[in-house]
Amino acid sequence: MLHTSDFDFELPPELIASHPLARRDASRMLVVEPGGELVLSDKHIRDFLDYLRPGDVVVFNNSRVIPARFDADGHEITLHTAVDDKNWWGLCKKFNKINVGDTLNLADGTTITVMDKDDESGLLLRFDCDNVFDVLNRIGKMPLPPYMKRDAEIADQTRYQTVYADPLGSMAAPTAGLHFTDELMAEIEARGAKIVKVTLHVGAGTWMPVKTENLSEHKMHSEWCQITPQQADIINAATRVIAVGTTSMRTLESAAQNAVPGERVAPICQTTNIFITPGYKFRAVDVLLTNFHLPKSTLFMLVSAFSGLPEMKTAYAHAIAEKYRFFSYGDCCLLFRKDSEW
């Protein structure tokens with residue numbers, strides 16, 4: 001039985017990317033091909049095109065990051081899950097200093113009321129306004145991950161969004177997509193592959209550490225996701241499905257749970273708390289493009305399930321030795337499902 005400590009590794013802090021490269025498509029890409037003998041190839045993101053085949057479907061998560069971080073009477077709050085148009089759950093650094101029933105003031109004069117508290121989800125906040133997104137556009141900042149250890153800058157308003165971001169709803173970017181330009185997207189289709197843009201609104205779980213040593217005791221946060229019937233038809237007709245990012249992967253594999261035999265996915269419009277660890281049998285995804293993830297994180301567990309834990313530890317050791325850039329603004333890796341020959 002695997003435990004959380006099995007997914008640990010040493011990561012030099014200087015490899016954590018705190019800013020993006022000047023060009024989105026300048027990132028490096030480590031290609032990890034499992035098989036009889038693990039093959040590692042140092043490439044660049046533009047080389048992604050060379051791994052495409054006619055009949056492939058490349059799946060992106062098009063969720064747009066909201067400026068979800070703001071100050072309320074000296075408390076830094078980051079929204080992560082909408083209950084309805086007025087009520088949101090948010091994380092707060094001074095959680096214990098705020099009580100249910102407290103009213104807090106925002107910089108534009110809007111007030112919010114604390115309706116509930118929860119150790120996992122934080123504060124349930126009711127906004128006294130007509131449109132929460134309008135308020136956030138006035139006073140909010142991009143919710144950069146805490147490991148960047150810096151405040152959001154003006155450039156993050158565009159660089160912490162994918163070029164194809166559309167429906168608002170995420171409190172963190174689907175970061176594997178940050179490497180893609182409009183030109184790269186067009187070239188994917190020129191190579192004979194199809195593009196499908198599904199939606200998963202990234203929530204608090206993307207940053208939450210695994211606090212239990214027993215993986216079965218970890219509770220994943222739920223996130224809303226959608227694959228339309230038309231998108232499901234395209235995905236089910238694919239020769240191979242290539243997921244861009246772990247959020248696309250989780251959406252696809254969530255949709256696979258209700259698929260009929262012979263199909264990869266069924267249409268989906270619901271929340272998911274799918275937790276993918278080694279031993280999981282993949283039904284929808286053949287290839288995964290993803291960034292490099294935190295030690296002992298649910299996302300490192302996911303890629304270890306996909307390509308093998310020993311293989312991923314070897315690949316990450318290589319990435320560290322070659323000084324690849326890690327996490328949201330870092331480089332990426334192209335992974336192939338271990339139980340298939342591609």
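In this predicted model, strand β5 pairs with strand β6, which spans residues 75–82, in the antiparallel sense and over 4 bridges. That pairing belongs to an open sheet of 6 strands, against which helix α1 packs. A separate topic below is the contact of helix α6 with helix α7, whose axes come within 7 Å.

**The sheet**

- The strands of the open sheet follow the order β5-β6-β7-β10-β9-β8, and their pairing is antiparallel.
- The edges of the sheet are formed by β5, covering residues 69–72, and by β8, covering residues 103–105, each of which pairs on one side only.
- Averaged over the sheet and with direction ignored, neighbouring strands are turned by 45 degrees against each other.

**The α6 and α7 crossing**

- Helix α6 (residues 298–307) and helix α7 (residues 309–321) have axes that cross at roughly 115 degrees, and the crossing of α6 and α7 is right-handed.
- On the α6 side the contact is made by F300, V303, S304 and S307, while α7 contributes L309, E311, M312, K313 and Y316.
- Sorted by class, the residues in the contact of α6 with α7 comprise 5 nonpolar, 2 polar and 2 charged ones.

How values were computed. Residues numbered from 1 in each chain as written. Predicted model: local features only at pLDDT ≥ 70, side-chain atom pairs only at ≥ 80, totals over all residues. Heavy atoms only, no water. Pairing = 2+ DSSP bridges. Helix = DSSP H or I, 4+ residues; strand = E, 2+ residues; numbered from the N terminus. Axes fitted to C-alpha atoms, helices over the stretch in contact; angles between N-to-C directions. Contact = heavy atoms within 4.5 Å. Left-handed = near helix turned anticlockwise from the far one by under 90°. Nonpolar A, V, L, I, M, F, W, Y, C, P; charged D, E, K, R; others polar.
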